[in-house]
Amino acid sequence: MMRYQNVLFDLDGTLTDPKIGITKSVQYALAKFGIHEPDLTKLEFFIGPPLQNTFMETYSFSSDKAWKAVEYYREYFRDHGIYENKLYGGMLEVLELLRSQGRTLFVATSKPSVFAHMILSHFQMDSFFTFVSGAELDGTRSDKSEIIKHIIDNYRLDPSDTVMIGDRKHDLIGAHNNNVHSIAVSFGYGSEEELMAADPTYLIHTVQELLQSFSMVEV
């Protein structure tokens, strides 16, 4: 089933469950503007998409105000939120299997690369990945299509032998825009309705199902 040599993983909601850290960081940033949201579950939609865009789309912030919100977000995130995170059970087994099969693994995330590296190191996952493609701290290259293209171009990957795994529509749209197949995982933060609307190649419901899918064939 899963024949691909190159496997790209989203980070938040795919490799790890970052709910507490991200939502608390957003809560902190919003409070700076007098917006108080005590229910963290109401901020889950921030997990995955570029932060600046989400502040603008949800709270009608101007571009400058949204960027200031991102800066406030990072004040909390870099010291606290980055570690209010947990690895999905079974995900290390998935990575170990893929490495044992000789596949090449990448991370494609809208999170700034510097934070992505810190998280991967914290969970001792960094050795599995050939390269981490993320956003820059100044907000450039935050679109998932650009992030995936950056990997494909730099490593001269064959799109037909590459697959993107992610939990939000942005991951799947980014894959489509780069002629790459996609695996939508519903154990993250995108609803099944959101994921299916983006027309993924496959839909996977659990980490165990993901493991079994890659176990079915030898590379």
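Helix 4 is followed by Gly102, whose phi is positive, near 80°; helices here are DSSP runs of H or I with at least four residues, strands are DSSP runs of E with at least two, and both are numbered from the N terminus. The model is predicted, so local features need pLDDT of at least 70 and side-chain atom pairs count only at pLDDT 80 or more, while totals for chains, interfaces and linings use all residues. Residues are numbered from 1 along each chain as its sequence is written, and side-chain values use heavy atoms, with hydrogens and water left out. A search of the whole structure finds nine salt bridges, a salt bridge being a side-chain nitrogen of Lys or Arg within 4 Å of a carboxyl oxygen of Asp or Glu.

**Helix 4**

- Helix 4 covers residues 91-100, and its buried residues are Met91, Val94, Leu95, Leu97 and Leu98; buried means under 20% relative accessible area, exposed means over 50%, and partly exposed lies in between, with a 1.4 Å probe and protein chains only.
- Seen down the axis, these buried residues fall within an arc of 160°, so they line one face of helix 4; the arc is that of the directions from the helix axis to the C-beta atoms.
- The buried residues of helix 4 pack against strand 1 (6-9), strand 3 (86-87), strand 4 and helix 9 (207-215), where contact means heavy atoms within 4.5 Å.

- In helix 2, the buried residues are Leu51, Thr54 and Phe55.
- These residues cover an arc of only 100° around the axis, which puts them on the same side of helix 2.
- Cover for the buried residues of helix 2 includes helix 1 and helix 3.
- Helix 3 (residues 63-79) has 17 residues and should span 24 Å at 1.5 Å a residue; its end C-alpha atoms are 25 Å apart, which agrees. The expected span is 1.5 Å times one less than the number of residues.
- Ala66, Ala69, Val70, Tyr72, Tyr73, Arg74, Tyr76 and Phe77 are the buried residues of helix 3.
- The elements covering them include helix 1 (19-31), helix 2 (51-59), strand 4 (104-112) and helix 5 (113-122).

- Side chains of opposite charge can pair when their charged atoms come close.
- Lys144 and Asp10 meet through their side chains in a salt bridge at 3.2 Å, N to O. This pair links distant parts of the chain, with Lys144 in helix 6 (residues 144-155) and Asp10 in the loop between strand 1 and strand 2 (16-17), 134 residues apart.
- Lys144 counts as buried at 4% relative accessibility, and Asp10 counts as buried at 3%.
- Asp10, Lys144 and Asp171 are linked in a network of salt bridges.
- Lys111 and Asp12 form a salt bridge at 3.0 Å, N to O. Lys111 is in strand 4 and Asp12 in the loop between strand 1 and strand 2, so the pair links distant parts of the chain, 99 residues apart.- Both Lys111 and Asp12 are buried.
- Glu84 forms a salt bridge with Lys24, with the closest N and O atoms 3.6 Å apart. This pair also links distant parts of the chain: Glu84 is in the loop between helix 3 and strand 3, and Lys24 is in helix 1, 60 residues apart.
- Glu84 is partly exposed, with a relative accessible area of 22%, and Lys24 is partly exposed at 28%.

**Surface and loops**

- Tyr83, Val114, Met118 and Leu137 form a nonpolar patch on the surface, with about 330 Å² of accessible area together. Patches are made of residues with over 30% relative accessible area and no salt bridge, with like charges joined within 9 Å and nonpolar side chains (Val, Leu, Ile, Met, Phe, Trp, Tyr) within 5 Å. Accessible areas come from the Shrake-Rupley method with a 1.4 Å probe, and for residues only the protein chains shown count as cover.
- Met118, one of the patch residues, is found in helix 5 and is partly exposed, with a relative accessible area of 31%.
- Lys32 lies in the loop between helix 1 and helix 2 and counts as partly exposed at 44% relative accessibility.
- Not counting residues up to four places away in sequence, Lys32 touches Tyr72 and Glu75.
- Lys32 and Asp153 are 121 residues apart in sequence and 40 Å apart in space, C-alpha to C-alpha.

**Positive phi outside glycine**

- Ser60 has a positive phi of about 55° although it is not a glycine. Ser60 is found in the loop between helix 2 and helix 3 and is exposed, with a relative accessible area of 66%.
- Asp199 also has a positive phi of about 55° and is not a glycine. Asp199 is placed in the loop between helix 8 (192-197) and strand 8 (202-204) and counts as exposed at 51% relative accessibility.
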